[in-house]
Amino acid sequence: MATTLTGVNLNEQVYDELRGQLLTREHPPGAKLSLHALATQLGVSRSPVHHALTRLVAEGLLTVRPRRGYYVTPVTAKALAEGYEVRLALELLAAELTAGRLESPDLHAFESLLEGTAAAISHEQWDSANGAFHEYQIDLAENALLSKFYRELSVNLLMQVIRAGHVEDHANLVTEHRRIVEAFVTGDRDAVERAIRAHIETGRRIALDAIERAGGVL
């Protein structure tokens, strides 16, 4: 069914629509996307669609093949394993720079973000709250490049693809968030590292189990 988008910021609307389609796997892994067909579906010119597809390639949700077009990037066990290795390295680096050095306002803000993840009741709320929690954890290091690399890490988006609208093991994930914050509150760097490693391992396990159930690719 065609969807006509209108408004001032058409580029953002088209991007949001196509991003949502990819995150919910309306297009199967490896599928080729037609710029012309998408423009027709959305009732827009090709320009905002091209703009959106370029952004989605940069985020890792699409792959562009020269002279062949845009394809939905398959989520594989290898890609996830590599992504989680990088995520672990970034979070541990941020923790090394911040553990034991945070002031009360920082810790109070961290605790508030923790409660936001606990209160999330839909997958949209979880994605928003969980993202804010971990990005704040990174931002505490006050290293702009570190924050930039973390936000561009495709594994965070790939997890939204894998969950497909469901939040698995919510209570346990919140408990692990709480352990991370409590470790920062005590200033115990070893405890912070253990809590981060345990939490990332949980995410990795959930992702790889989902890939295995799907036959090795999503």
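**Ground rules.** I number residues from 1 along each chain as its sequence is written, and my side-chain values use heavy atoms, without hydrogens and water. Since the model is predicted, local features need pLDDT of at least 70 and side-chain atom pairs pLDDT 80 or more, while totals for chains, interfaces and linings use all residues.

**Helix α8.** I looked up residues 154-163, which form α8 (helices are DSSP runs of H or I, at least four residues, numbered from the N terminus). Here 8 of the 10 residues are buried, so the helix is largely enclosed by the rest of the structure. Buried means under 20% relative accessible area with a 1.4 Å probe, protein chains only. Among the buried ones I noted V155, L158 and R163. The buried residues pack against several helices, including α1 (10-23) and α10 (189-213).

**T98.** I found T98 in helix α4. T98 is buried, at 3% relative accessible area. A polar atom of its side chain lies 2.8 Å from the backbone oxygen of A94. Beyond its neighbours within four places in sequence, T98 is in contact (heavy atoms within 4.5 Å) with L140, A141 and F184.

**Rings.** I counted 3 aromatic pairs (ring centres of Phe, Tyr or the six-membered ring of Trp within 6.5 Å; planes under 30 degrees apart are stacked, over 60 edge-to-face, the rest tilted). F110 and F133 make a tilted pair, 5.0 Å centre to centre, with 35° between the planes. F110 is in α5 and F133 in α6, 23 residues apart. Both are buried. Ring pairs join F110, F133, Y136 and F184 into a cluster.

Methods:
Buried < 20%, exposed > 50% of the residue type's maximum accessible area, 1.4 Å probe, protein only. Helix = DSSP H or I, 4+ residues; strand = E, 2+ residues; numbered from the N terminus. Polar contact = N/O pair within 3.5 Å; in protein donor to acceptor, adjacent residues only side chain to side chain.
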